[in-house]
Amino acid sequence: MKLVIVESPAKAKTINKYLGNDYKVLASFGHVRDLPPKDGSVLPDNDFEMKWEVSTRSKSHIKAIKDAVKVCDSIYLASDPDREGEAISWHVMETLGGEEKLKKKYDVKRVVFHEITKTAILKAMSEPRDLNTDLVDAYFARRALDYLVGFNLSPILWRKLPGAKSAGRVQSVALRLVTDRESEIEKFKPQEFWSISAEFKTQMGEKFNANLMESDLQKLAKFDITTEEQAQKILEKTLNKAYNVSNVEKKRQRRNPYPPFTTSTLQQEASRKLYFSSKQTMQVAQGLYENGFITYMRTDAVSLSKEAVTSARAVVEQLYSEKFLPSSPNVFKNKTKNAQEAHEAIRPTDLTKLPDTLINQLDRDQQRLYDLIWKRTIASQMAPALIDQTIVSILSVDKQATFKANGSMIAFAGFLKLYEEGNDNESESESNENDASKKKTKNTAKKEVLLPPLEEQQALNLGKDPEKNQHFTKPPARFNDASLVKELEAKGIGRPSTYASILSILETRNYVEKDKSRRYIATMKGRLVTEFLNNYFHDIVQYDFTANLENTLDDISNGDEPWKKVLANFWTHFHAKIEETNDITLRNVLDYLNEQLSYTLFGADKDDKCPKCDDGHLNLKLGKMGAFIGCSNYPDCNVTRQIGKLDEDGKVILDDTDANNIELGTDSESGNIVYLKKGPYGHYIQSGESGTGKNKPKRVGLPEGTDLQTVNIQLALSLLSLPREVSVYPETGEMITAGIGRYGPFLKHKSKFVSLPKEDDVLTVGANRAISLVATALASSPVSDAKELGVHPDDEKPITVQSGRYGPYVKHGRTNATIPKTMEMEDVTFEIALDLINKKEEQKGTKTKKKTTAKKTTAKKTTAKKTTEKKTAEKKTSTAKKTTAKKTTAKKTTTTKKATTTTKKATTTKKAPAKKTTTAKKSSDSKIVLDMDVTSSEKK
């Protein structure tokens with residue numbers, strides 16, 4: 001038997017179809033081990049030793065793999081073809097005993113493929129290789145760096161900046177991009193300028209528009225006319241004049257097609273055209289890849305295989321004709337420095353599968369993304385577009401005024417017939433840019449501006465008098481998913497494969513939020529974190545520092561740098577900065593933040609006077625729940641305000657409302673008024689007035705982390721409509737639903753509930769993500785590893801041993817007995833299991849007897865005599881059992897007595913379970929959770 005280990009159950013299922021019965025394909029479900037989020041996981045003083053831990057979720061998967069290894073002779077490690085995939089293979093080998101030990105007994109090989117097709121799989125299996133230690137070393141370095149930064153910075157933030165949740169090596173730099181842009185927008189001062197335009201008409205009555213470019217033989221630059229008075233004077237000089245065409249310039253431009261998608265460009269285009277977040281794009285692409293529709297979606301390469309190029313050219317010729325086919329294949333070069341894993345670009349595995357033919361095989365999101373990938377791939381092998389541009393100069397007869405008109409027309413569509421790339425700032429005015437004309441030519445080829453046939457010296461009439469137009473410069477646009485990903489890649493910050501998780505973390509941590517145009521706005525919490533890090537850990541949030549560190553990690557993966565040396569150089573400098581923060585007081589932090597954010601907090605005039613007392617000043621304060629504004633005369637003056645958003649004048653809105661009973665709007669279907677209310681367990685949405693019984697209004701809690709300022713009637717009605725149907729689970733045909741319960745957002749499949757991770761939105765979680773989460777939950781069910789030890793002598797029902805949520809246990813019917821912590825599951829024999837079951841059933845019998853007696857006494861008119869007889873019978877049975885137990889060894893008798901004593905205590909002490917629950921909760925809350933910039937979460 002040959003064992004193939006992949007990381008995804010969907011991937012395993014697809015590959016199983018291509019390999020014969022001699023192969024068994026199992027999934028590791030992503031990373032099987034990780035650094036536990038506690039002190040000592042990475043030890044800089046011990047040569048950066050890293051202590052890995054198998055997650056509870058992975059134990060059953062590892063056991064299944066170990067069991068399969070026992071009956072196989074060859075092991076093929078077939079995780080994804082990148083650093084993370086190489087690391088997963090290494091972790092799997094380590095859990096199986098290590099590479100050296102495994103290779104003594106088995107034929108162990110690493111295989112990689114970039115598409116899940118039969119041809120690619122069989123080819124990969126015939127060309128195995130050894131594990132790439134350079135890629136694994138690069139993973140070690142990246143993981144250790146993320147741990148050291150996150151684990152050391154986050155606790156400092158908690159102490160020095162209450163309310164802040166986490167920091168990360170790449171996450172914090174991405175946040176700085178958003179906060180810097182917000183500062184630019186805040187401090188931006190619009191600049192006024194004017195332009196003069198006119199409508200001209202030919203002798204044939206054809207009309208077109210032109211702009212004034214020269215007046216009194218002086219060229220007019222963008223900001224030469226800054227007042228209405230200036231514009232009026234220049235306008236008057238253009239009136240009542242005769243005009244002729246002075247020059248007609250024609251030129252043909254050639255526009256080449258775009259290269260096929262990389263991870264970054266796919267995220268950008270999906271954001272522009274499909275309105276997908278980066279995270280949603282990667283989730284949908286993962287599903288397409290695992291089911292064999294596209295090639296691997298984490299890549300920096302723009303090249304296509306010869307087979308793909310040949311196939312694309314054949315499709316172009318078939319669908320459009322030979323004239324749309326270039327004489328030779330288009331070849332693209334990668335512009336990304338140190339591009340990783342230089343395999344193929346993202347493309348369909350079979351280009352002959354047109355998007356329209358897959359409607360019944362893919363869900364809506366998958367079909368739309370596949371359509372985008374297919375069009376981009378086919379267009380990349382099409383002929384260039386030819387665009388004719390015409391520039392017409394119009395001169396007044398007295399030569400004192402010159403107008404210019406621009407026109408363009410597509411002479412040959414070429415690749416534009418199928419595909420044109422979107423623009424990040426399509427909604428922005430041309431006046432946003434100092435050189436709008438240059439920006440305009442790139443993405444407006446389809447917006448043809450036709451000019452009538454014109455010749456030099458041709459006389460023109462004014463269709464209507466020239467007019468003056470007022471303009472104002474606009475601030476730089478906020479980042480959306482596409483432009484932020486583009487900026488991160490341009491600056492070399494992180495890797496495209498990590499962008500989806502990074503942007504998701506920023507939203508989850510409430511460091512950024514999105515406006516109605518899906519653009520990122522830095523929250524006050526995010527700005528405080530950025531300012532704090534910029535002052536006390538300057539290097540960590542510097543663009544060049546992060547980019548250079550990323551290049552160094554690439555050098556490690558190429559085998560050019562030893563990974564521990566890189567860590568040592570980083571840690572020496574970083575640890576010194578950490579030590580310096582010991583002397584920082586909360587007063588130091590507040591003084592610095594007040595100074596840096598005074599414009600944001602109080603506007604351009606910095607009016608910080610207290611509205612209540614005469615000599616008090618408002619300033620920034622920090623509490624357990626984060627930052628707020630308070631008076632300097634506290635406690636004599638108790639004015640406090642939550643930090644809100646900016647008003648029209650750029651000042652922060654100081655709002656102290658508690659959102660106890662806010663009317664959001666009316667539900668058009670029910671006619672009920674919808675409220676935002678606050679209860680003892682947090683804020684919630686309520687439809688209608690309060691009532692009881694049948695009149696009790698519908699309520700739903702707000703998901704954790706929801707910004708109250710973003711709650712409107714649309715969001716409220718969406719939450720009230722829960723639960724919603726997400727997708728049919730393919731294995732069972734049963735529906736998966738999403739809803740919000742007592743413990744937060746969840747997915748439900750049949751009777752199985754799966755908690756929805758914080759980074760997922762209960763209102764938008766898609767089919768692929770839901771199926772993946774449910775599959776993982778079902779696959780990690782302990783039932784799969786149940787082992788029968790024998791049958792119980794009393795009823796001949798089986799006794800099994802298996803894993804559970806709280807550890808291994810033995811089971812008989814409805815009785816579950818926990819195995820002592822000192823004993824391994826493999827060491828449990830039938831005799832030990834029977835003893836544990838008997839003890840548990842004795843305890844259970846005592847509890848049941850009390851519950852049954854109480855129930856029967858209340859519900860039925862049972863005579864005292866019958867009750868006494870029943871008790872006597874039960875007592876005899878119990879005595880009989882004790883007698884049997886007594887005949888065994890003395891040791892067993894002692895155990896039985898102890899068990900009886902324990903039973904009595906358990907029966908008397910009713911509050912014990914509640915205590916355990918409380919302890920567990922404290923333990924969970926105290927666990928340090930870090931935001932790492934590695935894509936391990938995406939690999940699961």
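User: Is Asp-146 buried or exposed here?
Analyst: In this predicted model, Asp-146 counts as buried, with a relative accessibility of 1%. The cut-off for buried is under 20% relative accessible area.

User: Which side chain does Asp-146 meet in a salt bridge?
Analyst: Asp-146 forms a salt bridge with Arg-169, at 2.8 Å from N to O. That pair links distant parts of the chain, 23 residues apart. Asp-146 lies in helix H6 (residues 133-160), whereas Arg-169 sits in the loop between H6 and helix H7 (171-187).

User: And Arg-169, buried or exposed?
Analyst: Arg-169 is buried, because its relative accessible area is 3% and the limit for that class is under 20%.

User: Changing topic: how far apart are the side chains of Glu-344 and Arg-347 in their salt bridge, N to O?
Analyst: The distance between Glu-344 and Arg-347 is 2.6 Å, N to O.

User: Are Glu-344 and Arg-347 buried or exposed?
Analyst: Glu-344 has 14% relative accessibility and therefore counts as buried. Arg-347 is buried as well, with a relative accessible area of 5%.

User: What about Lys-11, which residue does it form a salt bridge with?
Analyst: Lys-11 pairs with Glu-7, and their closest N and O atoms are 3.2 Å apart. Both of these residues are buried.

User: Finally, how many salt bridges are there in the whole structure?
Analyst: A search of the whole structure gives 35 salt bridges.

Note on methods: Residues numbered from 1 in each chain as written. Predicted model: local features only at pLDDT ≥ 70, side-chain atom pairs only at ≥ 80, totals over all residues. Heavy atoms only, no water. Salt bridge = Lys/Arg side-chain N within 4 Å of Asp/Glu carboxyl O. Buried < 20%, exposed > 50% of the residue type's maximum accessible area, 1.4 Å probe, protein only. Helix = DSSP H or I, 4+ residues; strand = E, 2+ residues; numbered from the N terminus.
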